[in-house]
Amino acid sequence: MKAAILVALNFMLLVIPSTGRAEEYKINLQSDGTEIAVVELSIGGDTATAKVDGETEYFDLKNQRWQHDDTKQWTSIAQCQLWAKQSKDKAIEDIAVIPEKRQPFVKWTYSPRFDITSKDDTLTLTSGQVDYKITAQKSDQDLTNYFRYARLNSYKKAMTLKQFPPFPELMVLDELERRKLMPTSMEILIPGVPNAPSFKMLFTRVKTN
């Protein structure tokens, strides 16, 4: 169950906005309509923490690095980017040994592309492998710390779980940042994996300091 929660977080902790003030949120994560976790997220100043399943994750936003849960060592964004490049190069080398029916999905995760549409308050990113439907509002606030946190989180989950590369999530973040959007919910479908569960995230702002 813990692994499933972390995989869901890898997809879903991309949509929590931040301002220059301390922001606290309660995030409900669902899989196929069933709640699988409640996350307590706090973003303030130069730090962010995410509490889930009895554990707390730490992010240093000023220096753009995240802390390993077990060793307490820090990994910088530069180290993350190097790891991602090396992982992609290795995946390209090894693609021939992957079962043929899985190859399109694996190739897409390392070189993702989306068809992007926007209507009213809904942003849709469709690929046929992993599809996102995001409900959001336009923001005139400074979202710098939010995007620093979200990118670090994408790398952290990819590096610690080693189940899903960060590239699709990073593309979603780029699109959100470009549009200055503050999402309120996200639905994720994974048609590229037969019988994969669907995911949904809803969040509530607890307080602002």
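Which residues are exposed on the other side of helix H2? In this predicted model, the exposed residues on that side are Lys85, Ile92 and Glu93. Helix H2 spans residues 77-94. Its 18 residues reach 26 Å from the first C-alpha to the last, close to the 26 Å expected at 1.5 Å a residue. The buried residues of H2 include Ile77, Cys80, Trp83, Ala84, Ser87 and Ala91. These residues cover an arc of only 115° around the axis, and therefore lie on the same side of H2. The buried residues of H2 pack against strand S5 (65-67), strand S6 (74-76), helix H3 (103-110), H4 and H5.

Helices H4 (residues 144-161) and H5 (residues 167-179) also pack against each other, with their axes 10 Å apart and at an angle of about 170°. Because angles over 145 degrees count as roughly antiparallel, H4 and H5 are described as roughly antiparallel to each other. On the H4 side, the contact is made by Tyr146, Phe147, Ala150, Arg151, Ser154 and Tyr155. These meet Glu169, Leu170, Leu173, Asp174, Leu176 and Glu177 in H5. By class, the contact of H4 with H5 has seven nonpolar, one polar and four charged residues.

In strand S2 (residues 34-44), Glu40 was examined separately. Glu40 is partly exposed, with a relative accessible area of 45%. Leaving aside neighbours within four places in sequence, Glu40 is in contact with Tyr25, Thr49, Ala50 and Lys51. Glu40 and Lys26 are 14 residues apart in sequence, and their C-alpha atoms are 4.9 Å apart in space.

Key
Residues numbered from 1 in each chain as written. Predicted model: local features only at pLDDT ≥ 70, side-chain atom pairs only at ≥ 80, totals over all residues. Heavy atoms only, no water. Axes fitted to C-alpha atoms, helices over the stretch in contact; angles between N-to-C directions. Helix = DSSP H or I, 4+ residues; strand = E, 2+ residues; numbered from the N terminus. Parallel < 35°, antiparallel > 145°, perpendicular 65-115°, else oblique. Contact = heavy atoms within 4.5 Å. Nonpolar A, V, L, I, M, F, W, Y, C, P; charged D, E, K, R; others polar. Expected span 1.5 Å × (residues − 1). Buried < 20%, exposed > 50% of the residue type's maximum accessible area, 1.4 Å probe, protein only. Arc of directions from axis to C-beta.
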